[in-house]
Amino acid sequence: LGLKTARRIAATLKVQTEREVKSLATETYWSRAPIAIGKVPDPEQSVAVKYKLEPVIYRPDLPGDSHNLGQEFKTRISQGGITFLFQVQRYIAPGTTPIEDATVPWPSDFETVAELIIPQNANVDDDYIDGLVFSPWNVDPKNFQPLGSMNRSRKKVYETSASL
């Protein structure tokens with residue numbers, strides 16, 4: 001990777017591992033790599049975006065156990081729904097919003113296109129959660145397609161991880 005890239009990765013890891021996560025419901029989630037949305041694989045009928053889930057925090061100070069994030073999430077959802085804004089950042093051009101280089105921040109603004117609402121008392125028992133498979137490739141391939149080398153690599157990693 002080279003010394004410069006190794007230093008950047010080490011600095012990012014240091015910052016991320018020192019940051020305390022107090023609640024899954026108050027965190028922001030985002031894609032590092034883009035995805036095509038629309039009539040895939042027709043580039044004329046789809047758009048490349050990076051996406052973000054931004055929490056709408058109604059109860060930031062809800063008491064809970066930040067050492068057990070699953071239990072804190074269950075407590076929070078038992079007392080009210082959880083809402084995230086689904087936002088997208090659109091592809092502009094190869095030089096400013098590269099598909100293959102996930103290390104380059106895209107300069108386009110995020111725009112809210114939907115809300116993700118997890119209703120109060122949603123089924124969040126341990127068996128349900130353990131049965132979920134997280135992967136950018138867990139999508140309808142007619143309408144969504146993960147793009148770029150990072151997503152191609154992640155496909156193999158997530159498949160292997162889920163099987164273990």
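Is Glu54 buried, exposed or partly exposed, and what is its relative accessible area? Glu54 is partly exposed, with a relative accessible area of 26%; buried means under 20%, exposed over 50% and partly exposed in between, with a 1.4 Å probe and protein chains only.

This is a predicted model, in which local features need pLDDT of at least 70, side-chain atom pairs count only at pLDDT 80 or more, and totals for chains, interfaces and linings use all residues. Residues are numbered from 1 along each chain as its sequence is written, and side-chain values use heavy atoms, with hydrogens and water left out.

**Figure 1. Overall fold of the protein.** The protein has four helices and six strands, where helices (H or I, at least four residues) and strands (E, at least two) are DSSP runs numbered from the N terminus. Their order along the sequence is α-β-β-β-α-β-β-α-β-α. The C-alpha trace spans about 45 × 40 × 35 Å along its principal axes. Of the 164 residues, 23% are buried. Among contacts (heavy atoms within 4.5 Å) between residues at least 6 apart in sequence, 65% join residues at least 24 apart.

**Figure 2. Aromatic pairs.** Rings of Phe, Tyr and Trp (its six-membered ring) pair if their centres lie within 6.5 Å; planes under 30 degrees apart count as stacked, over 60 as edge-to-face and the rest as tilted. The count by this rule is three aromatic pairs. One of them is the stacked pair of Tyr51 and Phe86, at 5.9 Å centre to centre with 25° between the planes. This pair links distant parts of the chain, since Tyr51 belongs to strand E3 (residues 46–56) and Phe86 to strand E4 (residues 82–90), 35 residues apart. Tyr51 is partly exposed, at a relative accessible area of 25%, and Phe86 is partly exposed, at 25%. Tyr91 and Trp106 form an edge-to-face pair, because their ring centres are 6.3 Å apart and their planes stand at 70°. Both residues lie in the loop between E4 and strand E5 (110–118), so the pair ties together parts that are 15 residues apart in sequence. Tyr91 is partly exposed, with a relative accessible area of 30%, whereas Trp106 is buried, with 6%.

**Figure 3. Lys52 and its partners.** The charged end of Lys52 sits over the ring of Phe110, 4.3 Å from the ring centre; this description requires NZ of Lys or CZ of Arg within 6 Å of the ring centre and within 35 degrees of the ring normal. The side chain of Lys52 also meets that of Glu54 in a salt bridge of 3.4 Å, N to O, a term for a side-chain nitrogen of Lys or Arg within 4 Å of a carboxyl oxygen of Asp or Glu. Lys52 counts as buried, at 18% relative accessibility.

**Figure 4. Other salt bridges.** The structure holds six salt bridges. In one of them, Glu18 and Lys14 meet at 2.9 Å, N to O. Both residues lie in helix H1, four residues apart, about one turn of the helix. Glu18 is exposed, at 56% relative accessibility, and Lys14 is partly exposed, at 49%. Arg152 and Glu100 form another salt bridge, at 2.9 Å, N to O. Arg152 lies in helix H4 (residues 148–163) and Glu100 in the loop between E4 and E5, so this pair ties together parts that are 52 residues apart in sequence.
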